[in-house]
Amino acid sequence: MRVTIDQEDPPLRCLVMGATGHLGSHLVPELLAHGHEVAVLVRDRSQAARFPTRVMVHVGDATDPRAVRGALANSDLVYFLMHSLDQPDFAGIDREAASVLATAAADAEVRQIVYVGGPRPDSPGLSAHLASRAEVGDVLTAGRVPALVLQASMIIGAGSASFELLRSSTRLTPWVPVPSWMHNTSRPVALADVVHLLVAAADATEPIGGVFDVPGPERLSYLELVQRCARVLRLPVRLPVPAPLWSHKLAAQVAGLVTPVPTAVAEPLFASLDHDLAADGPPITDVLPAPPGGMTSVDNAIRAATTPEAEKTGGEVFTEERTVLTEASPEDVWRTVNTLGGQDGWHTVPLVWTVRGAIDHLFGGIGLYRGRAPEVGDGDVVDFWTVVRRDDEARQLVLRADMKMPGRTVLDMRVDREGDRTRYRQKITFTADGLLGQLYWMAQKPLHDIVFATMARGIVRKASAAHQGA
């Protein structure tokens, strides 16, 4: 029977273990927004600065009974969201932490434990990753405190290791190696939907125990998911290449080089693809309300995870900023910025973007000349860029590069006054996908500096000519 939600009940005191991780970092602000009191347990005091001042920060290790008991004091509900996949003995660490929590929560008379694990395929020889997730769920449900276990396959959200592997590998090349395990299926779920369900557990009028699946709305193979990701990212269909020798270990080694996900984390995740991960058990919506409007589609989940705001997480970030002052009016400079691309060009080194576009097209990318509308707004195309934001009042234009590269490039252009002169500011932000992205940035930087410095001066030069001719 579904548990009812009563927003008028007094707020709960919630402890989040794993609050600095991908899921926990999104859950904490949502719990606060719903009026709950929030505490977190972190291993390093320096992590306290990541949380609002309203959050009570406890410092200690999740395997230390004393630290866990101290953090649990006066708590009503605890979220166990940690997973030590980057450690060699991740299964042992997580098992011990779950045992410590089950005992300490019972002693502290906590009313509810909530844990997010993985699916339990009906097949022999579970991967170490899936076996560990199942074991933690069993430890918690065997305790005296009611434990709600949510079993999800891939959570689609920026910063999720599984999704970062998908996104980076989809972007990197126009083909995709296809071993047999690429045909196994899962039911990916949006990050926002999982967070909604976690908050709903705190809003429930009574504790819930049991193991429930969190099924996404579509059942897809990993190969189909790659193609779906390419479609949402406006990339050509990825060319499947049979690869019977493409092992988990080899895939993880490559991922460690070309994606933000370390090899040690990628390998157990790839090994889990040996199983069908489609969630077919009792759905969590039997006991908790689904998100308004139902579960998010895979396309919309990918789209939400690949907005520039969402993509701030993950990968080393390189920035370069330059400023040019001019006697031209802010209106003239802003008009020049807003006519970039298309027939007006980019006011930089001749033919450089033409050559870059030809190379991109050769490797299966979009190339250069997609054109532009006379007036562009958010979401519109400007050659090989897409408009992220146009703000006429602030005189700011932000573009995202759509060419193929091992990373993400954003160009932020702003026009404002400095005394009696106009200042044009141009900032490039490149978020590298793994080592390959870092090498790409370093290799192209000498030419990059020339191209974008010339562009900044060219924009101001054209605006000045317009100003003088007015």
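Colleague: How many nonpolar, polar and charged residues are in the lining of the second largest cavity?

Modeller: Bear in mind this is a predicted model: local features need pLDDT of at least 70 and side-chain atom pairs 80 or more, while totals for chains, interfaces and linings use all residues. Numbering runs from 1 along each chain as its sequence is written, and side-chain values use heavy atoms, without hydrogens or water. The lining here is V337, N338, L340, R372, V376, V382, L397 and L399, where lining means an atom within 4 Å of a cavity point, on a 1 Å grid where a 1.4 Å probe fits but cannot get out. By class that gives six nonpolar, one polar and one charged.

Colleague: Which residues of helix 11 are buried?

Modeller: Helix 11 covers residues 330-337, and six of its eight residues are buried (under 20% relative accessible area), so helix 11 is largely enclosed by the rest of the structure. V337, one of the residues lining the second largest cavity, is among them. The buried set is P330, D332, V333, W334, T336 and V337.

Colleague: Which strands each supply at least two residues of the lining of the largest cavity?

Modeller: The largest cavity holds about 40 Å³ of space, and its lining has four nonpolar, five polar and no charged residues. Among the lining residues are T185, S186, L220 and S221. The strands in question are strand 9 (185-186) and strand 12 (220-221).

Definitions and conventions. On a 1 Å grid over the protein atoms alone, a cavity is a set of points where a 1.4 Å probe fits but cannot get out, and a pocket is an open set with protein on both sides within 12 Å along at least five of seven lines; lining residues have an atom within 4 Å of a point. Grid points are joined across faces, edges and corners, and a volume is the space filled by probe spheres set on the points. Helices (H or I, at least four residues) and strands (E, at least two) are DSSP runs, numbered from the N terminus. Ala, Val, Leu, Ile, Met, Phe, Trp, Tyr, Cys and Pro count as nonpolar, Asp, Glu, Lys and Arg as charged, and the others, Gly among them, as polar. Buried means under 20% relative accessible area, exposed over 50%, partly exposed in between (1.4 Å probe, protein chains only).
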